[in-house]
Amino acid sequence: MTQGAGQGPEVERSAVLRDFRVPAYVNETGPYGHSTHPGDVVPAHQEAYPEGYTPTEQDLPVIDHGDGIQAAADPAEHAEDGPGPLYVVGDVHGYLDELMAALHEKGLVDAAGNWSAGTARLWFLGDFTDRGPDGIGVIDLVMRLSAEAAAAGGYCKALMGNHELLLLGAKRFGDTPVNSGAGTATFQAAWLLNGGQKTDMDRLQDHHLQWMARLDAVEEVDGHLLVHSDTTAYLDYGDSIEAVNDTVRETLTRNDADEVWDLFRKLTKRFSFRDEGGADHVRSLLDTYGGTRIVHGHSPIPYLLGEVGSEDDKEESGPVVEGPHVYADGLAIAMDGGVTMAGKLLVQQLPLDI
């Protein structure tokens, strides 16, 4: 996609930020809660784990701002154009302004925030809420773009992140004790500890919950295996993409707090592809689910590179992230640019050259 004539990226970014300014909501527990992000913590025993949704075709009808269901146009009308370019988006965590700017810079939305990419295909890798100021605004945007993209012959879809599981659990189960394996824990405490925003909870509606609960956990597109978390824990939920997604949805449907907690805990694990044997762990997922490379969010790139150990270690200027991180013998692409720690919200066209 090309930028507007005569406008450089910085000019476009400033214009978009003006157009999409949102209230600076204040988190009562601090801007990022009490977590030493990105080691999203599980309360009680403070166990840190290395972090994962996507609507399927039946999810194309979306709810428009909560006012009613709006059916998307038939993509078959545009089939003769063939599939458009493929893009992925890393963790957003409520940073709506930054998301709008990044999408506009890539030509995916116009200056008014409407889909402008025709038959392009856009995948969000999960973690829409928590830590940033407007998680519900981000969800509303993704839902709207999914309808607009489908009407243009493209699509906008998203994967289940561990923070979607966390928000669902906090809303459904609140302070109900769960079996953490090492003491008492609750979803409400975990949500607050990991940057939960009161403004998001206040604005959360049934259609947001239904949308999140339908999200898939794994998908394969053009040889790219898309997941949220850099963990092999997906293997615990099935030996095919369909099986994993069905198991995750069934777990949420049963509405058992302990089961949902275990799912959240497992999809909060991270760094499986980073250290010794990491490439083999990637291959175990590719061999099981298909694809030739894995694309994930969840673990901020500065942490994967060992540049930052915790939020307390970051420099005033913040980590420098220019783009996705390709690692594990070229088999893994990390997409979390660390927007919550003054990094960069990444939108990337695939394939990415090594």
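## Basis of the description

Because the model is predicted, local features need pLDDT of at least 70 and side-chain atom pairs count only at pLDDT 80 or more, while totals for chains, interfaces and linings use all residues. Residues are numbered from 1 along each chain as its sequence is written, and side-chain values use heavy atoms, with hydrogens and water left out.

Helices (H or I, at least four residues) and strands (E, at least two) are DSSP runs numbered from the N terminus. Two strands pair if DSSP finds at least two bridges between them, and contact means heavy atoms within 4.5 Å. Axes are lines fitted to C-alpha atoms, for helices over the stretch in contact, and angles run from 0 to 180 degrees between N-to-C directions.

Strand 7 (residues 121–124) and strand 8 run parallel and are joined by four bridges; Arg-121 stands opposite Tyr-155 in strand 8.

## Helix 3 and its helical neighbours

Two packed helices are described by the angle between their axes and the distance between the axes. For helix 3 (residues 135–151) and helix 7 (residues 206–213), the angle is about 70° and the axes are 11 Å apart. That makes helix 3 roughly perpendicular to helix 7 (angles under 35 degrees count as roughly parallel, over 145 as roughly antiparallel, 65 to 115 as roughly perpendicular and the rest as oblique). Their crossing is left-handed, a term used if the near helix is turned anticlockwise from the far one by less than a right angle, with right-handed used if clockwise. In this contact, Ile-136, Ile-139, Asp-140, Val-142 and Met-143 of helix 3 meet His-207, His-208, Trp-211 and Met-212 of helix 7. By class, the residues divide into six nonpolar, two polar and one charged (Ala, Val, Leu, Ile, Met, Phe, Trp, Tyr, Cys and Pro count as nonpolar, Asp, Glu, Lys and Arg as charged, and the others, Gly among them, as polar).

Helix 2 (residues 96–105) also packs with helix 3, at an angle of about 30° and with the axes 9 Å apart, and the crossing here is right-handed. Leu-96, Leu-99, Met-100 and Leu-103 in helix 2 meet Gly-137, Val-138, Leu-141, Arg-144 and Leu-145 in helix 3, a set that divides into seven nonpolar, one polar and one charged.

The structure holds seven aromatic pairs, where rings of Phe, Tyr and Trp (its six-membered ring) pair if their centres lie within 6.5 Å, and planes under 30 degrees apart count as stacked, over 60 as edge-to-face and the rest as tilted. The rings of Phe-128 and Trp-211 have centres 5.6 Å apart and planes at 55°, so this pair is tilted. Phe-128 lies in the loop between strand 7 and helix 3, whereas Trp-211 belongs to helix 7, so the pair ties together parts that are 83 residues apart in sequence.

Strand 11 pairs with strand 12 (residues 224–227) in the antiparallel sense over four bridges, and the bridge partner of Glu-219 is Leu-226 in strand 12.

## Two backbone features

Asn-255, in the loop between helix 8 and helix 9, has phi near 60°, a positive value in a residue other than glycine. A cis peptide bond, with omega about 5°, joins Leu-350 and Pro-351, and Pro-351 lies in the segment after strand 16.
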